[in-house]
Amino acid sequence: MGKKGDATRTEQPSDSERLLFGGPLRYDMGWNQHADAFLELTFRAMVRRLPALLSASLRLARQADRRAARIVLAAETGRGVAQAVSLLAVNSALGGLMGGGPIEDRLRGAVPALAVMAAVLLVGALLRAASTYATGRLEPKVERVATELYLERAAAVELAAIEDHAFHKLLDTAQYGAASARRMIMYGTRVVNAMISLIAAAGVLTVLHPLLLPLLVTMTLPSAWSALTNARRRYESFHTWVQHARAGHLISGLLTEPAAAPEIRLHGVGPFLLRHFRAMSESAEAEQARLARLAARTGLIAAAWTGLAAVATYATLGGLLLAGAMSLAVAGTAVIAVRTGSASLDSLVLEVNQLHEEALFVGDLERLYAEAAERAIPAGGTPLPEDPREIRFENVTFGYPGESTRPALDDLTLTLPLGRIIALVGENGSGKTTLVKLLAGLYTPDRGRILWDGVDAATADRRLLAERIAMVAQDFKRWPFTARVNVAVGRPSVPVAEERLAAAVEEAGAEEVIADLPRGLDTLLARHFSGGHELSGGQWQRLGIARAAYRRGSILIVDEPTAALDARAELEVFEKIRALAGTGQTVVLITHRLASVRHADLVHVLEQGRLVESGTPEELLAKGGLYAELYGLQAEQFTARVPAPKAG
Ligand SMILES: Nc1ncnc2c1ncn2[C@@H]1O[C@H](COP(=O)(O)OP(=O)(O)OP(=O)(O)O)[C@@H](O)[C@H]1O
């Protein structure tokens with residue numbers, strides 16, 4: 001009841017959250033998915049899940065380093081056995097010391113048991129060292145293996161999956177899984193160790209007197225209860241506050257972000273953000289204080305309960321001694337075994353709890369692995385024709401996921417003759433970029449077919465299809481690496497070839513851009529690193545074109561290649577593109593600069609995802625349709641008279 005009330009209260013957004021974010025942000029880091037599992041955090045549920053959790057840790061460990069995993073397991077088992085032997089030796093030593101006869105004889109009698117204890121201590125220390133070393137080797141490897149698999153799977157999924165909100169959320173949540181996998185090894189090891197020493201202590205206690213085992217359990221229950229209660233509160237609080245925490249990080253990030261820096265200084269946004277950062281931090285601190293208060297209260301209750309249980313245990317031992325049902329030596333061993341056992345049980349509960357918490361994140365990671373495998377770009381397929389004559393879109397319809405009044409491409413049929421310059425023209429949002437993304441195999445049509453001569457791209461080998469495409473997208477990636485890599489990344493599968501690099505830079509007209517860089521091609525193009533350099537938008541655009549030229553795909557797709565270029569550079573780039581077509585290269589060009597389309601062999605005009613007209617630029621101009629209208633509008637801007645300034 002209290003739990004529910006707390007959660008509801010903390011879900012109220014703070015004033016800052018309300019103002020800056022319009023209310024609480026509901027992105028829940030995927031917690032909902034495992035909320036049920038965790039909230040069922042009863043002792044029984046945890047015990048039930050323990051074997052599965054331990055075997056998951058072991059599987060991870062074996063995947064990462066089989067030998068180290070074996071060492072850890074053997075060392076921890078050995079330590080448990082050593083503990084049992086040590087308790088038995090204590091019993092025997094105490095029995096000898098407290099028996100009858102002269103003290104010298106008793107001491108002499110205890111020597112073998114003491115020697116065993118010393119040997120066991122030594123073995124225990126050696127095993128502990130072996131386990132520490134092997135765990136230290138194992139943990140980073142587990143994290144690396146899990147991370148690699150995460151990155152590999154994430155990079156291999158379809159573009160549509162990356163853009164899918166639900167999948168992205170899974171990607172976000174699962175990124176914590178690798179670190180959790182690492183910690184699972186640590187907690188898994190501790191659980192095994194605690195379990196074995198508990199079994200040792202419990203076994204010895206049962207041998208000493210059957211009453212002692214339930215007493216041990218009674219002594220440990222309070223701390224188990226307090227650990228579980230606090231873990232559950234922490235979890236609920238984290239779940240409720242995760243949004244708030246993210247928003248706080250967002251604000252602090254904004255204060256130091258270069259892109260925000262000019263406005264922060266000019267508009268005085270700094271103090272505004274700081275004020276809200278403080279307000280949000282204070283709400284988070286209040287929540288931490290609430291948790292600390294509750295944890296302190298729970299701890300006190302548990303301590304009182306443990307105290308009573310301890311009194312009961314020792315009273316029972318006293319009773320047994322008085323009644324003559326137990327010798328003093330056995331009682332002494334029992335005290336030691338009770339202490340060792342309750343310490344093991346305490347840590348067992350704590351570690352299982354931690355293991356369980358980490359397992360939730362590893363569960364997210366495993367869900368991601370499975371989903372990513374399902375959404376991976378299929379391997380293999382029909383080979384494409386060696387030298388196709390044309391690519392034909394046949395009644396292609398494609399809509400992006402989510403709400404939309406119309407599909408981005410709507411029953412589109414058109415032909416792209418290869419070895420020519422084909423221009424795609426149309427107003428914003430008419431579907432040009434979507435068309436080329438389908439052409440490149442980044443998306444697949446919802447309906448209709450894309451045929452490379454007779455071969456349907458849907459059944460074709462996607463890797464081979466991508467091999468043929470070189471694309472300069474509108475928002476191509478500005479890699480935070482050197483200029484050389486920014487060009488050569490066009491074909492990273494081959495070693496960087498200087499000649500090919502120079503040719504690509506020349507084809508893109510980017511020689512001057514490179515010459516102006518302080519270290520030429522070796523200049524780092526990332527301002528936030530020391531020695532880093534930033535390029536202007538137009539300079540980047542030339543590097544983007546150089547990258548596509550370096551790739552040497554048989555179909556070059558250029559989406560708005562001149563948007564950031566000055567008039568002279570624009571002319572130059574179109575000259576280069578025209579020259580490329582002379583070499584038999586297919587160029588698919590998207591541009592709003594209709595004057596530059598003059599040299600295209602074929603123009604397709606799109607409107608609202610449909611083809612409205614096709615032809616050579618001259619034909620389209622003569623026809624007087626949409627192309628002619630757009631062309632006329634642009635031409636007018638240059639011929640219209642600039643109004644003369646008003647006199648006076
Ligand atoms: N990744 C995406 N997710 C959802 N909808 C998208 C996405 N990309 C484009 N759209 C939508 O698809 C439609 C076609 O967009 P597209 O980018 O293909 O047009 P375009 O002709 O290239 O436009 P522009 O001239 O502005 O570049 C638009 O309505 C747009 O809102």
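## Strand pairing and the model

Two strands are taken to pair if DSSP finds at least two bridges between them. The structure described here is a predicted model.

## Strand E7 and its partners

Strand E7 spans residues 555-559. On one hand, E7 is joined to strand E8 (residues 586-590) by 5 bridges, and the two strands run parallel. Within this pairing, Leu556 stands opposite Val587 of E8. On the other hand, E7 pairs with strand E6 (residues 469-472) over 4 bridges, again in the parallel sense. Here Met471 has Ile557 of E7 as its bridge partner.

## Burial of E7

Strand E7 is mostly covered, with 5 of its 5 residues buried. The cover extends to both faces: Ile555, Ile557 and Asp559 lie on one side, Leu556 and Val558 lie on the other, and all of them are buried.

## Domain layout

The domain assignment divides the protein chain into domain 1 (2-374), domain 2 (390-468 + 554-638) and domain 3 (477-552). Between the C-alpha centres of domain 1 and domain 3 there is a distance of 49 Å.

## Annotated transmembrane regions

An unreviewed UniProt entry carries the annotation "transmembrane region" for residues 68-90, 110-130 and 187-205. In the model, residues 110-130 are 100% helix and 0% strand, with end C-alpha atoms 30 Å apart. Residues 187-205 are likewise 100% helix and 0% strand, and their end C-alpha atoms are 26 Å apart.

How values were computed:
Residues numbered from 1 in each chain as written. Predicted model: local features only at pLDDT ≥ 70, side-chain atom pairs only at ≥ 80, totals over all residues. Domains from an automatic or database assignment. UniProt positions renumbered as here; feature names shortened; annotations may be inferred. Buried ≥ 20, exposed ≤ 12 C-beta atoms within 10 Å, placed from the backbone.
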